[in-house]
Amino acid sequence: MDVVSDAIAAVRIGQPSSNRVSVSGSWCTRFAPYEGAGFHVVLEGNCWLLPDGGGPPVSLGPGDAVLLPHGTGHVIADSPADAAAVARAVPFELRPDGTLPGRGAAAASGAVEMLCGKYRLDRSRVHPLMLELPKVVHLPNRVGAHPELRAAITLLGGELSGEQRPGSCMAVPSLLDLLLVYMIRSWMAEGSGGAWSAVLGDPVAAAALRALHSDPAAPWTNDRLAAEAGVSRPTLARRFTALVGRPPMAYLTWWRLTYAATLLRDTPDPLAAIARRVGYGTPYAFSHAFSREFGTTPGRYRDAAAKPS
């Protein structure tokens with residue numbers, strides 16, 4: 001696994017959901033704050049996104065994608081509505097008759113058709129790469145930009161066209177996962193990726209992170225990791241700490257326990273097997289370290305994660 005994949009996998013839970021929505025006329029609908037991430041992709045027409053808590057309205061046109069990685073509440077409207085209109089916005093769950101989910105191409109002149117969806121996320125152990133995403137990631141449709149994202153949007157739009165296609169129950173969740181990866185990748189490629197774009201662009205820090213994420217259970221030391229990155233130990237310590245925000249071995253400990261939490265949540269593996277996979281020699285040593293990091297035992301953490309939300 002690479003760092004971006006691991007960062008997403010650590011927080012993704014359950015199945016993503018989405019639908020294809022058409023609306024025309026004068027409209028304004030509210031999406032409540034969500035313990036996850038939301039997204040919209042405009043397939044046809046134009047609309048506006050107004051995030052809660054201030055921030056400029058975002059104009060969305062055909063092919064534009066927008067990700068709300070922290071579940072920020074927001075309004076989508078046919079125009080940059082004023083405060084009074086926003087206050088009257090109809091909750092998305094109570095869509096008016098003018099909104100036609102799951103239909104084909106928008107029929108009315110000036111109609112808007114878009115994909116709306118969300119991802120469930122576990123906020124208890126978010127990777128810093130995910131934390132630094134802004135509350136609104138706007139990815140405009142530009143010729144030649146982000147071809148993988150464009151391809152995923154086209155495929156997803158086809159699967160959600162309202163036509164029952166064989167295998168769509170498997171295709172749609174997979175395409176939604178791809179869409180999330182491509183939106184984050186596109187944001188990083190835009191040059192506004194913050195500190196973690198610099199981390200992954202640095203040959204020393206990136207090489208060390210690849211090694212740690214590829215085999216977190218290995219008996220890593222600063223000397224061994226420096227050799228893997230092709231630099232001296234002081235150089236590794238200086239550059240890694242400056243860019244990542246913590247020393248290499250501290251990051252390794254944090255990542256091992258974060259990865260262990262994912263395994264506890266997503267697999268039935270016994271504690272001894274998980275301890276070995278994340279580099280702890282005994283379940284006792286693993287349990288002690290996990291309790292120190294998360295404030296609860298691995299068993300209780302697993303039980304809490306298994307409860308329906």
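Modeller: Let us begin with confidence, since this is a predicted model. Over residues 96-108 pLDDT stays under 50, although the model has 30 contacts beyond four places in sequence for that stretch.

Colleague: What are the mean pLDDT of the chain and the share of residues that reach 70 or more?

Modeller: The chain has a mean pLDDT of 88, on a scale of confidence that runs from 0 to 100, and 92% of its residues reach 70 or more.

Colleague: Why is α7 called roughly perpendicular to α9?

Modeller: Helix α7 (residues 203-214) packs against helix α9 (residues 233-244) at an angle of about 85°, and their axes are 9 Å apart. Angles from 65 to 115 degrees count as roughly perpendicular, so α7 is roughly perpendicular to α9.

Colleague: Which residues meet there, and what classes do they belong to?

Modeller: From α7 come Pro203, Val204, Ala205, Ala208, Leu209 and Leu212, which meet Leu236, Arg239, Phe240, Leu243 and Val244 of α9. By class, this contact of α7 with α9 has ten nonpolar residues, no polar ones and one charged residue.

Colleague: What makes β5 and β8 stand at the edges of the sheet?

Modeller: Five strands form an open sheet with mixed pairing, in the order β5-β4-β7-β2-β8. Each of β5 (58-60) and β8 (90-91) has a single partner strand, so one side of each is left without a neighbour in the sheet.

Colleague: How do you know that β4 and β5 pair?

Modeller: Pairing requires at least two bridges, and three bridges join β4 (residues 47-51) to β5, the two running antiparallel; Leu49, for instance, has Val58 in β5 as its bridge partner.

Conventions:
Residues numbered from 1 in each chain as written. Predicted model: local features only at pLDDT ≥ 70, side-chain atom pairs only at ≥ 80, totals over all residues. Heavy atoms only, no water. Axes fitted to C-alpha atoms, helices over the stretch in contact; angles between N-to-C directions. Helix = DSSP H or I, 4+ residues; strand = E, 2+ residues; numbered from the N terminus. Parallel < 35°, antiparallel > 145°, perpendicular 65-115°, else oblique. Contact = heavy atoms within 4.5 Å. Nonpolar A, V, L, I, M, F, W, Y, C, P; charged D, E, K, R; others polar. pLDDT = per-residue confidence, 0-100.
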